[in-house]
Amino acid sequence: MKNTFKHISKALLIVWAIMLFVQCSDDKNDLYVPPTIVESTHPNDVYIKSHMFEKYGTAVRWRWDDRFIKPTQRAVPVADSLVIPVTKLVEYLWIGPYKSVGKAGEDFMDKLFPAELQYMGSYIFKKDGSRLLGYAEAGARITLLNLNAYDLTNRDWLTGPGGGILATVHHEFTHIVHQNHAIPVGFNKISERYLGNGWLNDVSLNDAIKLGMVRNYGTMNEHEDFCEIVSHFLVMTKEDFEARYITQKDLSEITDVNKLKEEQDLNKGRALIAQKLEMVINYYQNSFGFNLVEVRDEMQKRLDYVITNNKFPE
Amino acid sequence: MRFINYIFIALVLLMAGCSDNDTEYIFDKSVNERFEELKTNYTNTLAAPENGWIAYYHPNGKAGGFAVLFDFDKEGNVQMKSDYLQGANDDKITYRIDKTLKVELVFESHTVLHQIYETNDNDSGGEFVFNITSVEDEKVVLTSKTDNGYNGEEITEITLVPATKDQWDMKPIYTMTPKIANGYQSDLYFRVIRVEGTDTQMGFSYIEGHNKKEINRVARISYLDGEKVSSTDVPVAITPAGFKFLKPFTINGKEVTDFTYDETKNIFVSEDGGQKTIVEHSNTPGVVYYPAVASLGGNGKYLSTMYRHSYWFLDILRNSSSDFKALFNKSKISRFFIDYNEVLDDGTKLEANIYFEHKVFGLKSVAVKVERIKNKKIIFKPLEDPAKELGFLYALTKDLYNVFTAPEGFYVEESSVGTLYGTFSAAKLISVKDPKAYRFVTMFVP
């Protein structure tokens with residue numbers, strides 16, 4: 001009797017479970033209608049589709065959409081006449097130098113070039129008075145700012161470390177690299193310390209170099225340090241970069257004690273930067289199979305062309 | 001009971017559960033369908049007027065306004081034109097009707113609304129993403145999506161009304177713009193707004209200018225409020241015929257808005273409210289209220305007016321009237337200043353001494369008595385014979401001295417002098433007898 005009841009209960013349970021799936025089968029939500037999507041024929045969208053989406057699988061957002069900005073932040077959209085020129089810049093001075101070094105560079109970009117680019121016309125100004133120069137998110141999206149200041153004749157707008165578009169682009173792209181592959185092992189141990197938010201406290205360029213970083217922002221943490229070194233290395237001329245950050249200065253002529261101490265500390269910092277740079281170059285060679293020096297040389301060649309001719313080659 | 005009976009009961013129960021399971025929908029269409037319908041309606045309305053729309057834009061009710069024209073098409077494009085920076089940001093851009101919490105109109109790429117928004121590092125108010133508040137054939141009201149109205153800040157709102165073909169030609173506005181400026185074709189110093197046939201009169205000043213930090217296009221109207229002067233900045237839009245206030249302003253109990261330029265008299269006239277309200281240049285202030293009369297020369301500091309070799313000379317020169325500068329140049333003196341509350345060696349206390357310095361005749365002074373009429377004017381009354389005290393220098397400085405000691409006295413405006421070493425507090429003395437001719441700045445020497 002006990003067994004019979006068990007069987008009946010089981011059977012009822014199975015039937016009930018089946019009926020749960022089939023009951024009310026005619027109660028479909030037929031009021032849902034998906035939104036209509038019409039493909040844009042705007043020249044910007046047509047260009048972006050053929051030059052970014054079909055080639056790299058990257059979506060470019062240039063029309064204003066406040067979902068990409070926090071309610072406390074303020075920015076303005078990019079001028080629509082600048083969307084195609086900026087996209088050409090992205091292709092020629094960002095993607096191009098990596099792809100020019102061979103298959104390893106092409107694979108690197110195919111894998112890591114962000115799935116989404118967001119263009120904005122101004123910097124993003126925050127309530128606290130500070131401003132964002134650009135940012136990378138989730139290893140997949142980079143937001144490019146201050147694009148309405150587009151000026152190919154202005155080397156500072158292109159490469160200036162405090163907001164130049166290429167410095168920002170390569171800084172943010174390097175975030176995507178480490179967000180996917182981590183920074184080189186041991187990189188964070190070369191400098192004695194990082195300053196965290198203390199980087200905001202009037203840390204001068206010399207202060208940063210003494211700590212083994214190329215810019216005050218790099219003193220914040222090892223990730224910003226890594227990105228700053230890569231972006232400075234790529235966008236600065238070889239001569240400027242080495243003179244400022246690598247080459248040990250001859251101190252034999254300095255007699256002033258304070259000046260001597262200052263220069264000694266700077267030389268120590270330069271040695272740390274050189275050590276980090278070597279580690280970074282090895283990291284790119286070993287992890288991705290290409291030489292970052294070749295990328296830098298190609299970048300400089302292209303930059304010279306753009307600044308001299310005020311255009312991109314066809 | 002047989003097993004089949006249990007199954008039968010279970011089936012009956014389950015089917016009963018479905019018997020009355022119809023959902024009562026509030027709407028007969030999905031949210032996307034309803035939004036698409038609304039979007040189509042709004043797009044049709046926006047694109048309908050033959051000559052597009054015109055709005056007068058003044059971010060957060062503070063600065064402006066600027067005439068902005070919109071010509072929407074149904075494909076998501078809008079041609080925009082404005083008189084801001086003489087149309088420097090006119091462009092055809094894309095727009096989008098979208099929905100977040102409300103249905104909104106987004107101006108998607110950079111044009112005049114964004115250019116104004118960018119002032120002062122994007123911190124000058126304004127908007128380019130608007131909630132669509134109301135849509136009618138003859139009027140569309142758009143309200144800022146991000147203004148929150150905290151701290152009493154006005155929320156940016158623009159009202160679009162159908163434009164005429166003529167309004168797309170901005171040249172009449174550009175022609176009118178200089179005529180509104182203070183001092184246009186007039187050497188009278190003051191400007192007033194008054195109601196004809198009444199005693200109602202207020203001070204009027206037009207302030208216009210744009211730079212990276214601020215945008216101004218306002219009428220500053222000053223009036224007596226009890227014992228002191230208050231002032232209100234009213235946003236102004238320039239029209240082909242004159243100008244209009246973008247916020248209601250009441251004068252003599254009537255709300256006035258639209259002013260028309262009268263070329264023959266160089267005045268602006270409003271007939272609003274059935275009264276004739278006039279904006280004109282004047283030889284007398286709209287409101288006589290000069291509290292700086294009390295502080296001029298306080299703390300025993302001397303006031304430098306003209307001093308050819310000083311680092312403040314250039315700015316003083318720039319802010320003084322041309323007739324006064326001509327008198328100073330004619331006098332050939334190198335320096336002219338006033339020393340207040342001076343105590344002479346014999347213990348005599350003088351209220352003020354006027355000093356003149358000449359490279360040949362040296363430094364001479366003449367004492368004057370200072371009479372202050374509270375909040376109205378200051379008068380320098382002769383105490384000594386200037387011919388005797390100034391000697392040969394009197395022949396050169398007589399006209400200056402007479403201006404200075406005119407019995408009508410001076411209005412005193414607070415002022416400042418900009419120098420290479422910073423900005424210093426100063427006062428501007430305006431002759432009551434002849435304000436258009438004699439005005440000069442005196443600086444409190446540090």
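Biologist: What share of the contacts in chain A between residues at least 6 apart in sequence join residues at least 24 apart?
Modeller: That share is 69%, with a contact meaning heavy atoms within 4.5 Å. Before we go on: this is a predicted model, where local features need pLDDT of at least 70, side-chain atom pairs count only at pLDDT 80 or more, and totals for chains, interfaces and linings use all residues. Residues are numbered from 1 along each chain as its sequence is written, chains are lettered from A and ligands numbered from 1 in the order in which they are written, and side-chain values use heavy atoms, with hydrogens and water left out.

Biologist: OK. And in chain B, how much of the contacts with a separation of 6 or more comes from residues 24 or more positions apart?
Modeller: For chain B, the figure is 51%.

Biologist: How many helices and strands does chain A have?
Modeller: Chain A has eleven helices and six strands. These are DSSP runs numbered from the N terminus, with helices being H or I of at least four residues and strands E of at least two.

Biologist: Is chain A compact or spread out?
Modeller: Chain A has a radius of gyration of 27 Å, well over the 20 Å from the globule rule for 314 residues, so chain A is more spread out than a compact globule. The radius is taken over C-alpha atoms, and the rule is 2.2 Å times the number of residues to the power 0.38. Along the principal axes, the C-alpha atoms of chain A fill a box of roughly 105 × 55 × 45 Å.

Biologist: Now chain B. How many helices and strands there?
Modeller: Chain B has nine helices and 24 strands. Its radius of gyration is 33 Å, well over the 22 Å that the globule rule gives for 446 residues, so chain B is also more spread out than a compact globule. The box for the C-alpha atoms of chain B is roughly 140 × 60 × 40 Å along the principal axes.

Biologist: What percentage of chain A is buried?
Modeller: Buried residues are 48% of the 314 in chain A, and 48% of the 446 in chain B. Buried is under 20% relative accessible area, exposed is over 50%, and partly exposed is in between (1.4 Å probe, protein chains only).

Biologist: Which residues touch the most other members in the largest nonpolar core?
Modeller: That core has 65 residues, and the ones touching the most other members are A:Val90, A:Phe108, A:Tyr119, A:Tyr284 and A:Leu292. Helix H3 (residues 83-99) of chain A gives the most to this core, nine residues. A second, separate core has 46 residues, among them B:Phe336, B:Leu393, B:Tyr411 and B:Val441. By nonpolar core I mean a set of buried Ala, Val, Leu, Ile, Met, Phe, Trp, Tyr and Cys residues joined through side-chain atoms within 4.5 Å.

Biologist: What is A:Val90 in contact with?
Modeller: Setting aside neighbours within four places in sequence, A:Val90 contacts A:Met52, A:Ile95, A:Phe113, A:Leu117, A:Tyr119 and A:Leu144.

Biologist: Let's switch to B:Lys179. Where is B:Lys179 found?
Modeller: B:Lys179 is in the loop between helix H5 (171-176) and strand E9 (190-195) of chain B.

Biologist: Is B:Lys179 buried or exposed?
Modeller: B:Lys179 is buried, because its relative accessible area is 11%. Not counting residues up to four places away in sequence, B:Lys179 touches B:Tyr184, B:Arg191, B:Tyr261, B:Glu263 and B:Phe268.

Biologist: And B:Gly362, where does that lie?
Modeller: B:Gly362 is in strand E20 (residues 362-373) of chain B. B:Gly362 is partly exposed, with a relative accessible area of 25%. Leaving out neighbours within four places in sequence, B:Gly362 is in contact with B:Phe356, B:Glu357 and B:Leu393. Its C-alpha atom and that of B:Tyr411, 49 residues apart along the chain, are separated by 30 Å.

Biologist: Backbone angles next. What is phi of A:Asn310?
Modeller: Phi of A:Asn310 is near 55°, a positive value in a residue other than glycine. A:Asn310 is in the segment after helix H11 (292-309) of chain A. At a relative accessible area of 42%, A:Asn310 is partly exposed.

Biologist: What about B:Leu85 and its phi?
Modeller: B:Leu85 has a positive phi of about 50° although it is not a glycine. B:Leu85 is in the loop between strand E3 (77-82) and strand E4 (91-99) of chain B, and is partly exposed at 37% relative accessibility.
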